[in-house]
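Here is a short report on selected features of the structure shown below. It takes up loops, a sheet, a helix pair and the chain contact in turn.

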Amino acid sequence: MSGRTYLGMPAFPVEAKASTKDERLRANLRHATHTIRDKRARAVGELDDWALLREAGKRIKDHTLRHLDTYLLQLEDRVTAAGGTVHWAADAAEANRIVASLVHATGETEVVKVKSMATQEIGLNEALAAEGVNAYETDLAELIVQLGDDLPSHILVPAIHRNRGEIRDIFRAQMGRWGRPAPEGLTDRPADLAEAARLHLREKFLRAKVGVSGANFMIAETGTLVVVESEGNGRMCLTLPETLISVVGIEKVLPSWQDLEVFLQLLPRSSTAERMNPYTTMWTGTTAGDGPRDFHLVLLDNGRTATLADEVGRQVLRCIRCSACLNVCPVYERAGGHAYGSPYPGPIGAVLMPQLRGTTSEVDASLPFASSLCGACYDVCPVAIDIPEVLVHLREQVAAQPGHGAERAAMKAAAWLFDHPAALAAAERAASATRAVHPRTLPLRPAKAWTDSRDLPELPAAPFRAWWKQHRTTRQEPAE
Amino acid sequence: MRVALFATCVNDAVLPRAAIATVRLLQRLGVEVDFPEQQSCCGQPQYNTGYRRQAEPLVRRMARAFDGYEYVVTPSGSCVAMVRDNYPRIGAKARAEGRGEELAAAAASLTPRVLELTEFLVDVLGVTDVGAYFPHTVTYHPSCHGLRVLGLGTRPLALLRAVEGLELVELPGAEECCGFGGTFAVKNPDVSTAMGADKIAHARSTGAEVLCGADNSCLLHLDGMLRRQSRGRGDAPLRTVHLAEILAPTEADPWSVA
């Protein structure tokens with residue numbers, strides 16, 4: 001299960017060329033993103049102090065990132081004191097090794113999982129499968145993705161690209177392979193689909209000895225972890241198993257319990273458009289007779305320290321994975337999540353992955369350009385990440401890599417022309433003078449990329465400069 | 001009052017009607033307009049594509065060309081956003097790279113004086129009724145940089161509503177990007193075109209004759225798609241027209257297509 005990975009994904013425009021023409025995908029995404037977008041706008045609009053909350057969220061995160069070393073050590077101290085064990089993982093491979101060895105130590109060959117972006121990021125399910133351990137996703141949408149041998153395409157709603165009919169077909173065909181089959185005659189009614197998932201998952205919850213999660217927040221002063229979810233599956237995974245392993249990015253730490261009051265308002269309204277989150281589970285180490293006996297926290301770096309070193313790029317570490325930016329993004333809506341080549345699609349993925357993974361692969365080098373810089377993402381971001389600013393900053397890094405010689409030369413030529421007005425005026429006059437013979441389509445990139453779908457403009461008989469020279473002396477009298 | 005017109009490179013070379021209309025409109029309102037001929041491009045194509053250092057000579061040129069003018073008025077929200085948001089960043093990065101204060105100073109001297117046309121009309125001149133006459137049905141697309149970076153808000157709509165003879169119809173999904181995005185249009189042509197097609201479908205659904213915008217680069221993309229779509233088809237006529245071309249004409253001197 002979960003055989004598909006993001007390895008070797010093509011550049012964004014290549015993948016998007018196909019996905020933009022997939023009409024079912026486009027319809028699913030349009031409906032889903034616009035529905036969540038509108039609900040979020042209403043939920044946020046209810047609060048008079050949203051701008052202040054947003055500013056508070058930004059400042060708390062910036063403060064924490066500035067003193068990350070202090071807060072992480074404090075967190076380790078408190079978690080350890082409360083009976084947990086803290087592991088430090090520099091990268092995905094190390095984190096996967098730690099989790100696999102912890103599972104092996106229990107003697108178990110299966111784990112149940114809470115929806116977790118960090119474990120998606122490191123490819124934990126595939127790594128565990130290679131070690132003979134089955135990792136079962138228990139979030140409804142992650143289950144749909146996993147049963148369909150598919151990849152998630154959205155941070156909050158990973159199966160957003162699937163409609164009800166497709167989900168019913170996946171349940172019917174696949175549930176029996178991994179556990180309790182779908183009920184006979186399963187329909188595509190949402191309540192029936194949810195019931196099928198509930199029955200399928202219930203036996204896994206009751207059997208599992210090991211749970212694996214991420215966390216939305218970690219509180220340094222108390223050593224408490226917080227998971228925010230909507231279905232109750234997380235509560236099951238976090239309380240029933242004997243062993244709990246949580247893999248969490250180092251940027252998820254918050255200094256104090258009181259900081260939660262800001263984020264437990266910002267996150268639900270931004271992500272699910274809810275006033276209050278349905279299932280908020282908090283735990284501190286272990287407690288005798290209550291919940292897991294063994295608790296392990298794997299603190300994940302995987303490129304975060306390098307990102308923190310970048311003065312412009314570090315603001316993406318404020319992200320609380322709400323996915324509001326995906327739901328308002330016109331590019332995401334049309335290209336779909338898979339085109340981004342990682343579990344973090346959309347605007348936040350386009351600024352996060354090129355920093356976490358670097359920009360050497362085709363898809364990572366293309367991500368900073370997968371935006372029209374419309375700014376809708378920045379407007380809705382609950383921690384005010386200026387995504388367009390970071391995109392342009394990352395474009396600069398990509399443009400400095402080999403393979404951009406022709407573009408650099410063209411940009412340089414244009415900049416030279418614009419810095420030499422006499423030459424510019426001559427070029428404009430020449431272009432206008434020959435306009436009768438200009439073609440409407442052009443054969444070579446990048447001009448072809450324009451004319452494949454758009455006519456070239458007809459140039460004017462004369463540029464504005466020429467008009468000005470003729471008219472500048474004939475000023476009209478002011479109108480009274 | 002004497003102001004400098006920043007025509008922008010796109011309007012100068014490709015779509016001069018918007019710049020001409022801006023001159024006529026401002027003169028009609030009693031503003032003395034100058035066009036410093038040393039101006040060219042704000043450098044946005046270079047900057048937004050990742051070639052910041054190549055935009056630097058254009059920052060210096062802009063600051064020189066418009067030195068001494070109380071206001072620099074431009075019929076392009078996107079170019080104003082480039083100056084207002086990104087010139088200070090270019091200056092700050094040059095400083096951080098140990099290349100001194102020169103670019104930061106150039107940005108600081110120019111940035112506060114550069115205004116988008118509707119900002120100048122509404123905020124400086126204090127007018128929303130500019131005495132224009134445009135007897136057509138119009139729908140307005142607020143381009144992203146004007147809408148979100150500059151926060152133009154209701155200024156363009158207030159100006160349009162006061163135009164004699166104009167019927168303004170609301171554009172569904174108005175705040176959504178048209179898909180132009182500078183070099184995005186050629187680096188991601190399929191997504192760009194998909195966004196443009198939706199924008200055009202929304203505009204057509206209004207029944208308007210004119211799709212108005214305050215940024216000609218967006219209109220260039222939409223107009224190119226409209227003309228490609230309508231080749232050999234009997235679609236209802238829909239044309240893109242810059243806001244300045246709607247605010248400039250009067251009953252005595254009406255708008256003409258030619």
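## Two loop residues with positive phi

Asn302(A) is found in the loop between β10 (294-300) and α13 (304-308) of chain A. Helices (H or I, at least four residues) and strands (E, at least two) are DSSP runs, numbered from the N terminus. Phi of Asn302(A) is near 50°, positive although the residue is not glycine. Asn302(A) is buried, with 22 other C-beta atoms within 10 Å. Buried means 20 or more other C-beta atoms within 10 Å of a residue's own; exposed means 12 or fewer, partly exposed in between, with C-beta atoms placed from the backbone.

Leu373(A) sits in the loop between α17 (362-366) and α18 (376-380) of chain A. Its phi is near 60°, again a positive value in a residue other than glycine. Leu373(A) counts as buried, with 25 C-beta neighbours inside 10 Å.

## Basis of the model

This is a predicted model: local features need pLDDT of at least 70, side-chain atom pairs count only at pLDDT 80 or more, and totals for chains, interfaces and linings use all residues. Residues are numbered from 1 along each chain as its sequence is written, while chains are lettered from A and ligands numbered from 1 in the order in which they are written.

## The sheet of chain A

Six strands of chain A form an open sheet in the order β1-β10-β7-β4-β2-β3, with parallel pairing. Strands pair if DSSP finds at least two bridges between them. Twist averages 25° from one strand to the next.

Inside this order, β2 (residues 110-113) and β4 (residues 210-213) of chain A pair in the parallel sense over two bridges. Val112(A) stands opposite Gly211(A) in β4(A).

## A crossing helix pair in chain B

The axes of α11 (residues 189-205) and α12 (residues 216-230) of chain B come within 10 Å and cross at roughly 80°. Axes are lines fitted to C-alpha atoms, for helices over the stretch in contact, and angles run from 0 to 180 degrees between N-to-C directions. α11(B) and α12(B) are therefore roughly perpendicular (65 to 115 degrees).

Among the contact residues are Thr193(B) and Ile200(B) of α11(B), and His221(B) and Met225(B) of α12(B). Contact means C-beta atoms, placed from the backbone, within 7 Å.

## Where the chains meet

57 residues of chain B are in contact with 54 residues of chain A. α12(B) gives the most to the side of chain B that touches chain A, with seven residues.

Definitions and conventions. Angles under 35 degrees count as roughly parallel, over 145 as roughly antiparallel, 65 to 115 as roughly perpendicular and the rest as oblique. Two residues are in contact if their C-beta atoms, placed from the backbone, lie within 7 Å.
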